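Here is a friendly briefing to read beside the model. Keep the 3D view open and look for each part as it comes up.

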Amino acid sequence: MRPETRAIHIGHPIDPGNSAVSPSIVLSTTFMREADGSFPHNFVYTRSANPNRNALEAALAALEGGVAAAAFGSGQAATMAIYHALAPGDHVILPADIYFGTRALMEQHYNRWGIEHSVVDMSNSANIERAIKANTKLVWVETPSNPQLTITDIRRAAEIAHSAGAFCVADNTWASPALQNPLALGADLVMHSTTKYIGGHSDVLGGAIVAKEENDLFIRIRGFQQLGGAVPSPFDCWLLLRSVATLQVRVNAASDNAESVARFLAGHAKIKVVHYPGLENHPGHAIAAEQMRRFGGMLSFQVKGGAEEAIAVAARVKIFIRATSLGGYESLIEHRYSIEGVNSVAPPGLLRCSIGLEHVDDLIEDLDQALGS
Ligand SMILES: *Cc1c(COP(=O)(O)O)cnc(C)c1O
């Protein structure tokens, strides 16, 4: 089956009990044991496994080309499970442009527990090679990255990690499995905030880790999921599986819109730079064209005039909504520097847009009037 077909059929069996086409939500926390002590469906207690979670995990593993997936209650819970699976004294390499929370968890919590880290600009893979140490266990890749859409060569990053005896994990939230499959490029794990494109409707928080192999690292991650219990509810899993079915069409439509918006912004007099890997002059364009099927619905731009002007532009939008997060059907705009707080490394004049599924002419007209032209 091709990806679009898999997304609709894997994890969506017809219910053998009542022939329902849309799966039922199994709220029961506990499952009956037979007289002989067995569990005929292998469900015991819902923290360990639940039918809705299993269905979602099967769909996510299929979409990423992995052997297994572990679903979590948020993207950050998934990231924590990966960090937890390391040991004190291990060294992690993080990208300089990165989802703020991934770095904050490391700096505010895991350093204290003896995990070391380095931060490097991964748009040049030689920087990753230089940062490798004897105790490097993980190379964390995020591409396209938040908020500057830096592109990292996943294949090269995985090769560098593996030659040092380390694992490579890719945060694939922004591209989504509809556009990019890091496991096929050599990554060992894919991490997702399913809150974003996979959820697609800004109404469910979730995370997931997909594994290329059920190795010791993934077995430890599964252990934290099942014993730690940072799991999504059956209803959350149901919402996410419902959304997986439309992932490809939503992401294709968002990519169409974002490509047009990026071209409009690139020609605008009030704009200093547009960060969108689909533009030929983006420094990561060639690698993005190789490892992504489309360039996605996320873009950011810097206005001339810095933070004050960026905030003024965001204040004037009428269709875009001023809000954080991304990947929903509605277009969002955000001044990243002020939302991230004092430790932000985002440029002060940067606005980040999650381009939604509205008519593209309405989006372009809205940005045009907000830019004050
Ligand atoms: C949102 C996001 C996360 C964190 O996920 P939550 O679901 O908010 O916990 C991690 N990585 C990226 C790239 C994100 O956009």
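Seven strands make up an open sheet with mixed pairing, in the order β1-β7-β6-β5-β4-β2-β3. This is a predicted model, where local features need pLDDT of at least 70 and side-chain atom pairs count only at pLDDT 80 or more, while totals for chains, interfaces and linings use all residues. Residues are numbered from 1 along each chain as its sequence is written, and side-chain values use heavy atoms, leaving out hydrogens and water.

**The seven-stranded sheet**

- The edge strands are β1 (68–72) and β3 (116–120), each of which pairs on one side only; two strands pair if DSSP finds at least two bridges between them.
- Strands, like helices, are DSSP runs numbered from the N terminus (E, at least two residues, for strands; H or I, at least four, for helices).
- From one strand to the next, the twist averages 20 degrees.
- Strands β2 (residues 91–95) and β4 (residues 136–142) run parallel and are joined by three bridges.
- V92 has L138 in β4 as its bridge partner.
- Helix α6 (residues 154–163) packs on this sheet and touches β4 and β5, with its direction at about 150 degrees to that of β5.
- Helix α3 (residues 75–84) lies across β1, β2, β4, β5 (167–171), β6 (189–193) and β7 (207–211), and runs at about 150 degrees to β6.
- Contact here means heavy atoms within 4.5 Å, and angles run from 0 to 180 degrees between N-to-C directions, using axes fitted to C-alpha atoms (for helices, over the stretch in contact).

**The five-stranded sheet**

- Another open sheet has five strands in the order β8-β9-β12-β11-β10, again with mixed pairing.
- β8 (271–275) and β10 (321–322) stand at its edges with a single partner strand each, so one side of each has no neighbour in the sheet.
- Four bridges pair β11 (residues 332–335) with β12 (residues 350–354) in the antiparallel sense.
- H335 stands opposite L351 in β12.
- Helix α11 (residues 306–315) lies across β9 (298–303), β10, β11 and β12, at about 125 degrees to β9.

**The largest pocket**

- On a 1 Å grid over the protein atoms alone, a pocket is an open set of points with protein on both sides within 12 Å along at least five of seven lines, whereas a cavity is a set where a 1.4 Å probe fits but cannot get out; lining residues have an atom within 4 Å of a point.
- The largest pocket holds about 460 Å³ of space.
- It is lined by 18 residues, of which P16, V26, F43, P51 and N52 are the closest to its centre.
- Helix α2 (residues 51–64) gives the most to this lining, with four residues.

**Cavities**

- The structure has two cavities of 30 Å³ or more, where a volume is the space filled by probe spheres set on grid points joined across faces, edges and corners.
- The largest cavity, of about 40 Å³, has Y197, R250 and L357 among its lining residues.
- The second largest cavity also has about 40 Å³ of space, and α1 gives the most to its lining, with three residues.

**Salt bridges**

- There are 14 salt bridges in the structure, each a side-chain nitrogen of Lys or Arg within 4 Å of a carboxyl oxygen of Asp or Glu.
- One of them joins the side chains of R53 and E57 (3.8 Å, N to O).
- R53 and E57 both sit in helix α2, four residues or about one turn apart.
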